[in-house]
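Please open the structure in the viewer and keep the selection panel at hand.

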Amino acid sequence: MTLPIGFAVTLDRDTRVLDGGRTLLGGFPVRLLRLTARARPLLTGRTVHVRDRAGAVLADRLLEAGLAHPVVRDLPLPPDPRYTVVVPVRDRPRELDRLLAGIGPGIPVIVVDDASSRRAPVEAVAARHGARFVPLDVNVGPAGARNAGLRVVDTPYVVFVDSDVVLPPDTVPTLLRHFSDPRVAMAVPRITGLVESPGSDTWIGRYEHTRSSLDLGTRPAQVRPGTPVAWASTACTVARVDALADGFDERLRIGEDVDIVWRVIKGGLRVRYEPSVHAAHEHRGRLGDWFRRKAAYGTGAHPLAERHPEFIAPAVLAPWSTAFVLALLAQRRWSLPVAGAVGATTVLRISRKLDGTQHPVRLASSLTAMGALGALAQTSALVTRHWWPVTAVGCAVSRRVRRVTAVAAVADVALEYLGQGAAVDPLRYGVARRLDDLAYGAGVWWSAVKGRSTVALRPRLR
């Protein structure tokens with residue numbers, strides 16, 4: 001499967017062009033790509049336009065390495081862009097009406113009622129908008145409801161949209177352009193908060209608008225475990241019907257979206273995250289509902305660990321960065337010298353790999369510093385989120401653990417708040433952030449204890 005003529009990719013903003021265009025450095029994990037004499041002219045500025053097989057090979061390699069992303073708005077629609085919208089719903093006629101009102105005429109829509117307690121209002125909304133109504137007599141959960149709709153889809157593409165989402169008109173057409181790449185099986189937009197919705201003006205609602213679990217950020221990405229965009233939600237997603245095989249795993253009530261994305265990736269296909277378009281989601285604004293939902297997200301950890309043990313790690317660290325972090329956590333007189341020695345050794349090792357580039361030591365120092373900061377950020381998340389029960393015990397008996405916890409708990413809130421410009425004051429943002437971690441971590445531990453496994457809690461060395 002090769003990229004078609006006319007396809008174009010542009011380098012990621014963090015990809016560095018070195019040595020007069022002979023070398024590229026970037027991706028995740030960071031890698032060095034030396035361009036051959038034939039490949040160099042194919043890179044025009046920071047863009048590769050596919051005009052022949054050589055351009056297709058280079059563009060595909062850049063995509064796979066995370067060094068570049070498609071220029072999506074310049075790509076054509078697939079030859080047959082027909083799609084069907086599948087909406088799973090249970091007792092949400094108001095939200096369903098709002099969603100269907102925004103879907104254009106002539107687009108087939110299937111509404112799957114997942115055993116609503118009051119079916120008639122849901123059916124009436126579907127009928128008013130001309131949608132096909134598929135009732136289920138037994139509640140099977142989101143995975144089963146989506147599969148019920150998928151079984152009656154007769155178009156090449158399917159759009160799964162949750163009933164509490166509002167879909168802008170340009171979202172699906174833009175996502176369809178990603179399927180110009182024959183390896184793309186799914187494409188997802190950015191999930192933002194629905195501004196005018198119940199609870200959106202509460203302090204929890206405003207926090208969610210800034211830091212929702214569903215919002216994967218402003219940068220395009222190939223979804224891949226172990227990277228900053230390691231998973232994607234199917235609150236809104238476009239997929240090739242022939243790439244979904246058996247559909248969602250109906251045994252999963254939580255994490256079914258992560259599971260299908262990871263199965264697609266394991267099959268050698270791509271999932272693209274496209275933040276230039278969005279779908280607006282009605283976030284929970286009441287503290288109790290919000291807290292319970294965050295904990296529920298955490299309970300999906302063990303079932304996912306059973307299915308994808310190689311993907312589920314709460315942190316992915318290199319051996320050198322692990323040694324660097326452990327030296328600092330020890331808080332001894334020798335901690336800084338040892339951490340410095342680890343960093344210096346790493347700079348030397350990386351600079352040797354960069355031999356032949358300009359300023360290899362300076363470049364290696366920059367990469368080492370970024371790696372160290374990333375390791376510290378992941379360690380902070382382990383302390384305050386995934387491992388907080390262990391942290392709580394440690395705080396009761398160790399002054400050093402208390403210091404580490406205090407720094408981690410304050411630093412991440414300060415850095416996030418300053419970087420994101422939250423719509424809630426710093427104090428309540430900080431409280432919400434810690435409650436977020438408390439709820440999710442509790443869910444992870446509950447699932448681990450219930451499943452009698454620590455796989456979902458163990459970091460992975462890379």
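A residue is called buried under 20% relative accessible area, exposed over 50% and partly exposed in between, with a 1.4 Å probe and protein chains only. Select Trp290, which is buried at a relative accessible area of 2%. This is a predicted model, in which local features need pLDDT of at least 70, side-chain atom pairs count only at pLDDT 80 or more, and totals for chains, interfaces and linings use all residues. Residues are numbered from 1 along each chain as its sequence is written, and side-chain values use heavy atoms, with hydrogens and water left out.

Rings of Phe, Tyr and Trp (its six-membered ring) pair if their centres lie within 6.5 Å; planes under 30 degrees apart count as stacked, over 60 as edge-to-face and the rest as tilted. The structure holds seven aromatic pairs. The ring centres of Tyr207 and Trp290 are 6.0 Å apart and their planes stand at 90 degrees, so this pair is edge-to-face. Tyr207 belongs to helix H6 (residues 203-211) and Trp290 to helix H8 (residues 287-299), so the pair ties together parts 83 residues apart in sequence. Helices (H or I, at least four residues) are DSSP runs, numbered from the N terminus.

Finally, select two charged side chains. A charge sits over a ring if NZ of Lys or CZ of Arg is within 6 Å of the ring centre and within 35 degrees of the ring normal. Arg146 lies over the face of Phe248, 5.1 Å from the ring centre. Lys266 lies over the face of Phe311, at 5.5 Å from the ring centre.

Terms used. Helix = DSSP H or I, 4+ residues; strand = E, 2+ residues; numbered from the N terminus.
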